[in-house]
Amino acid sequence: MPITAIMARAVHIPLKKPTRISTRILDKRDFVIVTVRCDESDAVGVGYSYLGTAGARVAAAVVDDLLAPVLLGADTNDIQGLWDRLFQETLLTGRRGVVVRAIAAVDMALWDLAARRRGMPISVMLGGSVRPVPAYASGGYYRPDDGPWADAVRDEIRFNIAHGFTDHKIKVGGLPIEEDAERVRAAIEAMEGKGRLGLDANNAYRDFSHAIEAARAFEKAAGRHGLWWFEEPLSPEDYEGHARLSKVLETRVVTGEIHQTRHEFRRLLEERSADLLQPDMCVLGGVTEWLRVAKTAETFGIGIAPHWHANAHAPLAAAAPNCIAVEHFILEKDIYNFEAIVTPETRLKTGENSVLVPDSPGFGIELDEEKVNFYNFKA
């Protein structure tokens with residue numbers, strides 16, 4: 001069944017107010033949306049990828065100029081073969097960064113189309129089931145308008161609990177270590193002895209000694225409750241530094257959200273750079289490559305906790321035995337705002353410390369075309 005049409009759209013969704021992590025200001029989100037069609041079916045495959053605070057138009061151009069010529073007329077069933085062809089065809093234009101994120105959106109659309117044509121949820125098609133999967137409430141960003149730092153974290157943890165979550169994650173690295181330790185202490189107090197707390201540094205610390213100093217302060221602030229994990233303390237390229245931290249810390253060291261393709265994850269696994277991996281389907285190259293990474297990690301006895309994109313990752317998690325949790329952002333927080341362009345009926349539903357895997361065909365995502373057009377970059 002040949003591919004007859006591919007469309008890429010650049011979407012730019014502002015945040016209601018600027019938000020800070022340890023390394024940069026976030027004021028908008030850029031996504032590329034890809035749809036794939038074949039004449040023999042009424043089904044339309046939908047895929048997407050996140051680019052950051054810019055880059056959606058670049059990704060759309062990559063799809064149009066580099067990927068579509070390879071895909072048009074190709075067999076829609078040959079998804080893994082098409083991934084390999086796209087990766088080979090982009091050898092001279094870049095096998096990292098925006099190119100791989102564009103491949104990810106196309107690959108997701110192909111898998112979505114395949115599942116929709118068969119009338120199956122993608123989780124079932126991949127050998128899993130339609131069931132709740134464990135999730136945690138992510139947040140804890142730096143927003144000065146929310147009040148004193150510790151009070152803001154305390155209030156957000158209580159907000160998460162009111163929405164059914166007992167596991168949480170907050171940012172660190174954006175303040176002096178002592179002030180971030182106070183935020184950790186406030187979060188633990190608000191949790192009242194229940195659940196787990198992960199910390200995300202977004203590559204804030206300059207070297208191993210700086211990171212170990214921060215980790216020790218945060219472990220002390222958490223007290224007997226302990227920490228779930230310490231995420232991305234160092235640069236993604238610092239494989240050795242993450243491995244050293246993993247060996248000496250009681251808290252799990254986690255990384256992988258910025259790493260692309262199975263080749264970079266191979267190095268993470270071989271060098272034991274993480275106790276838990278965070279493969280991001282939109283970053284590393286799509287469903288095809290995500291499945292390869294998840295299965296390889298399972299072979300190494302390493303769990304995964306996918307980064308962002310719960311709408312995409314929840315169905316994949318339901319087919320990955322080594323997935324311990326997916327990251328979920330409550331839409332009202334206006335941090336992860338992809339669901340602003342999804343129909344309310346197909347936004348991801350949550351349960352008790354979990355998200356519910358859709359039982360509709362494909363990934364279960366239906367775009368609100370009016371909203372997509374509103375946020376679409378105009379030529």
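Modeller: Two strands count as paired if DSSP finds at least two bridges between them. The model discussed here is a predicted one.

Biologist: In what order do the strands of the open sheet stand?

Modeller: The sheet has 3 strands with antiparallel pairing. S1 and S2 are joined by 12 bridges, and S2 (residues 25–37) and S3 by 8 bridges. The order is therefore one with S1 (5–20) and S3 (44–52) at the edges, each having a single partner strand. Written out, the order is S1-S2-S3.

Biologist: What is the average twist from one strand to the next?

Modeller: The strands of this open sheet pair in the antiparallel sense. From one strand to the next, the twist averages 20°.

Biologist: Which residue of S2 stands opposite Ala 10?

Modeller: S1 and S2 run antiparallel, and a hairpin of 4 residues joins them. A residue of S2 that stands opposite Ser 49 in S3 also stands opposite Ala 10. That residue is Val 32.

Biologist: Which residue in S3 is the bridge partner of Arg 37?

Modeller: S2 and S3 form a hairpin, with 6 residues between them. The two strands pair in the antiparallel sense. In S3, the partner of Arg 37 is Val 44.

Biologist: Which helix lies across S1, S2 and S3?

Modeller: The helix in question covers residues 56–71. Running at about 160° to S1 and lying across S1, S2 and S3 is helix H1.

Biologist: How are H2 and H11 oriented to each other?

Modeller: The axes of H2 (residues 79–89) and H11 (residues 287–299) come within 9 Å and cross at roughly 100°. Angles of 65 to 115 degrees count as roughly perpendicular. H2 and H11 are therefore roughly perpendicular.

Biologist: How many charged residues does the contact of H2 with H11 have?

Modeller: Ile 79, Gln 80, Trp 83 and Asp 84 in H2 meet Thr 288, Glu 289 and Arg 292 in H11. By class, the contact has 2 nonpolar and 2 polar residues, and the number of charged residues is 3.

Biologist: Is Ser 354 buried or exposed?

Modeller: Ser 354 is found in strand S13 (residues 354–356). Beyond its neighbours within four places in sequence, Ser 354 is in contact with Pro 132, Val 133, Pro 134, Ala 135 and Phe 165. Its relative accessible area is 8%. Buried means under 20%, so Ser 354 is buried.

Biologist: Does Arg 96 count as buried, partly exposed or exposed, and where is its place?

Modeller: Arg 96 has its place in the loop between H2 and helix H3 (97–117). Leaving aside neighbours within four places in sequence, its contacts are Phe 87, Gln 260, Thr 261, His 263 and Glu 264. At 35% relative accessibility, Arg 96 counts as partly exposed.

Biologist: How far apart in space are Arg 96 and Glu 240?

Modeller: In sequence, Arg 96 and Glu 240 are 144 residues apart. C-alpha to C-alpha, the separation in space is 21 Å.

Biologist: How many disulfides does the structure hold?

Modeller: A disulfide is a covalent bond between the sulfur atoms of two cysteines. Here a pair must have its sulfur atoms within 2.5 Å. For Cys 323, the nearest cysteine sulfur is that of Cys 282, 15 Å away, and Cys 323 is in no disulfide. In the structure as a whole, the number of disulfides is 0.

Biologist: What is the relative accessibility of Cys 38?

Modeller: Cys 323 counts as buried at 14% relative accessibility. Cys 38 also counts as buried, and its relative accessibility is 2%.

Technical notes
Residues numbered from 1 in each chain as written. Predicted model: local features only at pLDDT ≥ 70, side-chain atom pairs only at ≥ 80, totals over all residues. Heavy atoms only, no water. Axes fitted to C-alpha atoms, helices over the stretch in contact; angles between N-to-C directions. Parallel < 35°, antiparallel > 145°, perpendicular 65-115°, else oblique. Contact = heavy atoms within 4.5 Å. Nonpolar A, V, L, I, M, F, W, Y, C, P; charged D, E, K, R; others polar. Buried < 20%, exposed > 50% of the residue type's maximum accessible area, 1.4 Å probe, protein only.
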